[in-house]
Each structure stands twice: as C-alpha cells, then as structure tokens.
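Welcome, and thanks for taking a look at this one with me.

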Amino acid sequence: MAFTTTSNFAGKAAGFYISAALKQANSLDYLTLIENIKYKSNIQRMAGSGVVADATCDFTDAGTLALTEKVLEPKNLQINLDLCKSTLLDSWEALQMRAGAIETSTATFDEYVISYMGESIAQASEESIWEGTAVAGKFNGFLGAVTGLLLPGVDATVVQSSASAAYTAGNIIANLQTLTSDMAANISAVLRKEDLHIYMSPKTYALYVSAVSTLGYVNAYNMNGDYAPVFEGYKIAVCNGMADNQVVAAEKSNLFFGTDLLSDATRITLMDMSALDGSDNMRLVARYSAGVQTGVGADIVRQS
C-alpha cells in the first residue's frame, strides 16, 4: 500500500510548531522573547535620575526621566525542501516499533517530518542570533561581521573590552578577569542584576573548564556535575551559536528575540508529490520570521 501524506498548518496552528522549533535554539533560554510581532516592535527602556526629593507642600518638578527606544523588525524567512519519503520513513517506522512502544503514543509521520525541519530552523536561528548578517537566509545578529548590533561601528554606546589574544586554556582566566574589570568600571549599575550573564561559545567554555580544572576547583581536578557555570559570581550562558574568541556580558532583559507565531504568513506545508508527478518525493515548506535587537547598549560589554 502506498504511503501518502499532505498537511497544511497556518497561523496559530503553524505557530505551535514554529515555536517548538525555535526553542530548540538554546540561546533563546538567555534572551527575552517577544512573540507575535506583525511588522515592527518598539523596545522602550526608561531610566530616571534625581526623581526622589525631599517632601514639600508644593509640587516641584525634580529629576529627569530618559526614554530610549529601539526597533525590532523580524525578517521573513522560509524553508523549501524536496525529500524522498523513504529518507525519513525508515527511521520513523523504527521509532514506531522501538522496544517498549506498546501502550505509548508515537508521533505521526507528519509530526516526525516537521521535527526534522524544526532542527533546520533551530540551527539557522542559532547561527543568525549571534553571527548573522543581512544576507539571504539570515537575519542581522549581535556579532555579525560589520553589521553586528554590538559592534562599535553600529552601536558606539556598547562597552568594548580587549582580549589579550585568541582564547586558550592558558589565557582565558586572565581575559575573563579583564572583562569583569571592565564590567565593574562601566556597567556597575547592573552588576547585581539576577539576569546578568556572560555569554560565550561552547569552545570558549571548554577552554574555561580546562583552565579551572587545572587550577583544581574546590580541590577536585575535574568539573563534575555539581559545578554551576559561573565566573567570579557571574552566571555563564553557553550559547551554541555564539562566536568563538568573543564574550558578551549583558542582562537577559536587555537582549531581545522577536518573531510572529500567529500571522497567516506563518505557515508549514507538507505536500505529497506522488499524485502530481508519480514520484516518491514530498515537499516541505515553512514560513516564519525572526530577528534580534538590544535595549540599552551602554549596559552591555563585548570582548574580542
């Protein structure tokens, strides 16, 4: 018996699958997610100075209130894939027949194919969040060449910290100490914020683990499961798409990721081509949007 599948998801239904796919990108655990942006979203941050004064019987204006505003405009993206059904069907059938599958619900083939496509969406989003540029198939990221949102030529208010050289296990501790020194000197107002993180790549974190292991953390010469990723009290966020030889210190509430999960433009379509051209192929189409933006650049430190 021939196997056929054709499904269409649009708007809210597609948003469920797109949301699940995007959240496979681990960087989103450390960013503020703004959903359902139809076109643009204004990110507003308010800072007050000298607004508290001694009480009097009169109304006396005191202090200043500064409102900063940036625009987050997610970019419309798409995935078009043409796959032979047998490429995924064998592995799906194996999943259906796995040991212990009795009395448990298993994914439909449609759901299995969407999860396959979800991995592509997650990987592409992870890469663009940090190193993306305004080219086809990507959106502008935080550290992309020339146009990265944290680069001095794009946002001069972001604090720039200088590393001594490319990171190694031998110099990573000293470079992180340079970073925390620059943090204390330039963003002291946010140092004790609960959502402040030092963002780094898996490679940079591996170098840090090697360095700390060599130093003998709590008299143990390996990093066991009890170790929490921190440096000098600052939490470390290990992001899969982060650039090597760069680290960023920022609050989660100051780095934003935007998308639209409800629009009719958000769509997932699986088309079985057997009835159209006699082939055993299926086409996968996904349309979604994604983009990033910062809040207050002066509260961010980037080291490179």
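1. Let us begin with a contact between two side chains: Lys235 and Glu194 form a salt bridge, with N and O 3.3 Å apart. A salt bridge here is a side-chain nitrogen of Lys or Arg within 4 Å of a carboxyl oxygen of Asp or Glu. The two partners come from distant parts of the chain, 41 residues apart, with Lys235 in strand E9 (residues 234-238) and Glu194 in the loop between helix H4 (172-186) and strand E7 (196-200). Helices (H or I, at least four residues) and strands (E, at least two) are DSSP runs, numbered from the N terminus.

2. A word on what you are viewing. This is a predicted model, in which local features need pLDDT of at least 70 and side-chain atom pairs count only at pLDDT 80 or more, while totals for chains, interfaces and linings use all residues. Residues are numbered from 1 along each chain as its sequence is written, and side-chain values use heavy atoms, with hydrogens and water left out.

3. How exposed are the two partners from point 1? Lys235 is partly exposed, at 29% relative accessible area, whereas Glu194 is exposed, at 64%. The scale calls a residue buried under 20% relative accessible area, exposed over 50% and partly exposed in between (1.4 Å probe, protein chains only).

4. How many salt bridges are there by this rule? The count is six. Another of them joins Lys70 and Asp155, at 3.0 Å from N to O. Lys70 sits in strand E4 and Asp155 in the loop between H3 and strand E6 (159-161), so this pair ties together parts 85 residues apart in sequence. Asp155 is buried, with a relative accessible area of 10%, while Lys70 is partly exposed at 22%.

5. Lys40 and Glu73 also make a salt bridge, their closest N and O atoms lying 3.9 Å apart. Lys40 is in the loop between strand E2 (32-34) and strand E3 (41-49), and Glu73 is in the loop between strand E4 (64-72) and strand E5 (75-84), so the pair ties together parts 33 residues apart in sequence. Both are partly exposed: Lys40 has a relative accessible area of 43% and Glu73 one of 42%.

6. Finally, do look at the lining of the largest cavity. Its residues include Leu77, Ser125, Lys138 and Tyr288. Helix H3 (residues 109-131) gives the largest share of this lining, three residues.

Conventions: 1 Å grid on protein atoms, 1.4 Å probe; cavity = no way out; pocket = protein on both sides within 12 Å on 5 of 7 lines; lining within 4 Å.
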